[in-house]
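Hello,

Here is the structure I promised to hand over. My notes on it follow below.

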Amino acid sequence: MDILNLYQELIIDHGTKPNNHRILENPTHTSEGYNPLCGDRIKLYLKIEKNRIQDACFKGSGCAISTASASIMTDMLKGKTQLEALTLFKNFKDLVTSSSDKEPTHELGKLLALSGVKVFPSRIKCATLVWHALNDALKTR
Ligand code: ZN
């Protein structure tokens, strides 16, 4: 199967049936993101205990790309330390904004499906919206 088709399916899959799309009771960290260019609105909830992300979920409405990004991100955050989460944020930002063709790190996993947005600058904000919310949530504590 063509890798681009595979990536598109992953985005459609996560964009229409996102994982972790719910409100978290008693979150330790929250943040909101809004992308006026597209109308994406996301609220991120985290529960961090013993320096590890025990739970991560989001509520919001947006396009398939912002929803897929939030779905995959919240899946990947569980079990990570805050430092690991911030490193993932940096690697993901590099993936979608960098023009270099250096091999992306293996750790990105399903996030590689979103790498295609870098040729659509208006879509980069969709893909990174939830990640900036993550960055804000972790920095405000
Ligand atoms: Zn969008």
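Helix α2 (residues 64-77) and helix α4 (residues 121-139) cross at roughly 35°, and their axes come within 8 Å. Axes are lines fitted to C-alpha atoms, for helices over the stretch in contact, with angles from 0 to 180 degrees between N-to-C directions. The crossing of α2 and α4 is right-handed, meaning the near helix is turned clockwise from the far one by less than a right angle. On the α2 side the contact (heavy atoms within 4.5 Å) uses I65, S66, S69, A70, M73 and L77. On the α4 side it uses R123, C126, A127, V130, W131 and L134. By class, that is nine nonpolar, two polar and one charged residues. Ala, Val, Leu, Ile, Met, Phe, Trp, Tyr, Cys and Pro count as nonpolar; Asp, Glu, Lys and Arg as charged; the others, Gly among them, as polar.

This is a predicted model: local features need pLDDT of at least 70, side-chain atom pairs pLDDT 80 or more, while totals for chains, interfaces and linings use all residues. Residues are numbered from 1 along each chain as its sequence is written, and side-chain values use heavy atoms, without hydrogens and water.

Overall, the protein has four helices and three strands. These are DSSP runs numbered from the N terminus: helices are H or I, at least four residues, and strands are E, at least two. The order along the sequence is α-β-β-β-α-α-α. The C-alpha trace spans about 40 × 30 × 25 Å along its principal axes. The radius of gyration, taken over C-alpha atoms, is 14 Å, which agrees with the value near 14 Å for a compact globule of 141 residues. That rule is 2.2 Å times the number of residues to the power 0.38.

Best regards
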